[in-house]
Amino acid sequence: MDIAEPAAAGSAAVELKRHAFDGGAMLYDAARIRTPDPALFDAGDRQPVSSGGRNAAWYASGEFGQAVLRHYRRGGLVARLVKRSYAWSGEENTRAFAELRLLEWLHARGLAVPRPLAAAYWRRGLFYRAAILVERIPGISTLAERLAQDVDASMIARAIHAMHDAGVWHADLNAHNILLDGEKAWLIDFDRGRRHGGPLESRLRVANLQRLRRSMVKLAQQRGEACWQRIHAAYLDYGAEN
């Protein structure tokens, strides 16, 4: 069954609908997907995304255009025991639905994030699996791939600062989750991201930036540190970390 969902403020062109299917449900952008089907989230023989994604992201295409499909998988030590299952605590708390709604909110406000297309979960008892489909941004490379080259630090800092000013905390801000297309920097993978009531406080901004720093240094040592210092200086030019 399809149930219309209210669109976020300022995003009249986006109409989210809910579609229930055997074992789960999906939210989808009705303007881009006319026939909701959980098969949209099957990896099948699709081309995998090589950068990041824990080997759980693929390029997809269909009536929605070009997209990236991502299955939610655990990281860290727990992934050795349970790779794809999460404890059930309600539909709106599923990783996929929460990320889709956060992306919709950011996209509606003009921030440089991919347009969300659909999200789904499959429940089995006390656990569930989930997946998300977002629009593919053409002509991009990741910051991780560009660390050996000069990058526009101001462009990256502007995107991060805008996200923080919007009151959004990114749970995994790293060099793989910043995409560059020559004109702007895009932020992706908002799994476990959170909205706050106003602009982020200093400690959360610092934590995000330091996480990015660790990622860049791990990937490119001194060159990564030098690039992060330029990003940080540009970030401060847009406003202090408070």
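Helix 3 and helix 4 cross in a right-handed manner, where right-handed means that the near helix is turned clockwise from the far one by less than a right angle. This is a predicted model, in which local features need pLDDT of at least 70 and side-chain atom pairs count only at pLDDT 80 or more, while totals for chains, interfaces and linings use all residues. Residues are numbered from 1 along each chain as its sequence is written, and side-chain values use heavy atoms, with hydrogens and water left out.

**Helix packing**

- Helix 3 (residues 153-165) packs against helix 4 (residues 202-238) at an angle of about 60°, with the axes 8 Å apart.
- Helix 3 is therefore oblique to helix 4, since angles under 35 degrees count as roughly parallel, over 145 as roughly antiparallel, 65 to 115 as roughly perpendicular and the rest as oblique.

**Isoleucine 178**

- Isoleucine 178 lies in strand 11 (residues 178-180), strands being DSSP runs of E with at least two residues and helices runs of H or I with at least four.
- Isoleucine 178 counts as buried because its relative accessibility is 0%, the classes being buried under 20%, exposed over 50% and partly exposed in between, with a 1.4 Å probe and protein chains only.
- Leaving aside residues up to four places away in sequence, isoleucine 178 touches residues including Ile156, Ile160 and Leu212.
- The C-alpha atoms of isoleucine 178 and threonine 142 are separated by 5.7 Å, although the two are 36 residues apart along the chain.

**Whole chain**

- The chain contains four helices and 13 strands, and 47% of its 242 residues are buried.

Technical notes:
Axes are lines fitted to C-alpha atoms, for helices over the stretch in contact, and angles run from 0 to 180 degrees between N-to-C directions. Contact means heavy atoms within 4.5 Å.
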